[in-house]
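Here is a short note to read beside the model. Keep the 3D view open and find each residue as it comes up.

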Amino acid sequence: LKMLLWSVPTHATLVYEVLLVDAFNPKDDLIVQVKEVPEGCTRRTVTGDYIRYHYNGTFQDGTAFDSRDHDTPSFATLGANKVILGLEEGLLGMCLGERREVVVPPHWGHGENGAGEVPKSAVLFFELELVELTKGVPEGYMFVWLGDVPDPLFPAMDLNGDGEVPLEEFSAFIMLQVEEGKGRLRPAVDADSIIKDMFNNQDENKDGKIVEDELKVKVDGEPQQVIRDEL
């Protein structure tokens, strides 16, 4: 540093070339600009929905850092904290086929530490297009009924009428409800795994089958004998 200063003549005028690559204010808010909304939009994304979307991510200088094109859309369950906060907020309230541009300040993105190819305190720009929307289920639920629940439930579940329901029979019953539009499983999770977990929750004595006395459902978070939302 001293050698550099000694090389500058007295009263010299200094000229610097400066390239500004990023700038932000810690008080900056997320910016969401809607570019296109298809006609006939009847439903918008909400927390819990499973979505697939295309995106192109760039820095302020236009340098691309990530993208997902039409062949490889990205996916997320909104509210699952699997994407940065700014991107998740930008994906909420979208219609299928809608396009948006989102400006994400660092405190809505990767913050002061950065991540991967994203440097510290980077402002991020996203171009988004929603290409798939699947309605989710409430937090803590694996399956919800979409209409009237069979009443009584156990005889409807006991497909062969032998008074007990093993996993295979339970699975066939649940998938039948889904196929007929009477129930919905949590999206983006393997159906067999969900159904097995549901079965294990009902099989209290762990003997590999459910009988009528074991059948319970969730009502406001508590198991009950009366059917409401989830097995």
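This is a predicted model: local features need pLDDT of at least 70, side-chain atom pairs count only at pLDDT 80 or more; totals for chains, interfaces and linings use all residues.

The points below take up one threonine, then the salt bridges, then an annotated domain.

1. **Where Thr45 sits.** Start with the loop that joins strand 1 (31-36) to strand 2 (50-58); Thr45 lies in it. Is Thr45 buried or exposed? Its relative accessibility is 3%, and buried means under 20%, so Thr45 counts as buried.

2. **What surrounds Thr45.** Set aside the neighbours within four places in sequence. Thr45 is then in contact with Ile51, Leu78, Leu91, Leu92, Gly93, Met94, Leu130 and Leu133.

3. **Salt bridges overall.** How many salt bridges does a search of the whole structure find? The search finds seven. Side chains of opposite charge can pair when their charged atoms come close. The next points look at some of these pairs.

4. **Arg99 and Glu36.** These two side chains meet in a salt bridge, 2.9 Å from N to O. The pair links distant parts of the chain: Arg99 is in strand 5 (residues 99-104), Glu36 is in strand 1, and they are 63 residues apart. Arg99 has 35% relative accessibility, so it counts as partly exposed. Glu36 is partly exposed too, with a relative accessible area of 38%.

5. **Lys182 and Glu180.** Here the side chains meet in a salt bridge at 3.0 Å, N to O. Lys182 counts as partly exposed because its relative accessibility is 39%. Glu180, at 45%, also counts as partly exposed.

6. **Lys209 and Asp207.** The salt bridge between these side chains spans 3.1 Å, N to O. Lys209 has 25% relative accessibility and counts as partly exposed. Asp207 is partly exposed as well, with a relative accessible area of 36%.

7. **A network.** Which residues are linked in a network of salt bridges? They are Arg44, Glu98 and Arg100.

8. **The annotated domain.** An unreviewed UniProt entry carries the annotation "domain: EF-hand" for residues 153-180 and 190-225. Take residues 153-180 in the model. The chain there is 64% helix and 7% strand. The end C-alpha atoms of this stretch are 16 Å apart.

Conventions. Residues are numbered from 1 along each chain as its sequence is written. Side-chain values use heavy atoms; hydrogens and water are left out. UniProt positions are given in the numbering used here, feature names are shortened, and annotations may be inferred rather than shown by experiment. Helices (H or I, at least four residues) and strands (E, at least two) are DSSP runs, numbered from the N terminus. Buried means under 20% relative accessible area, exposed over 50%, partly exposed in between (1.4 Å probe, protein chains only). Contact means heavy atoms within 4.5 Å. A salt bridge is a side-chain nitrogen of Lys or Arg within 4 Å of a carboxyl oxygen of Asp or Glu.
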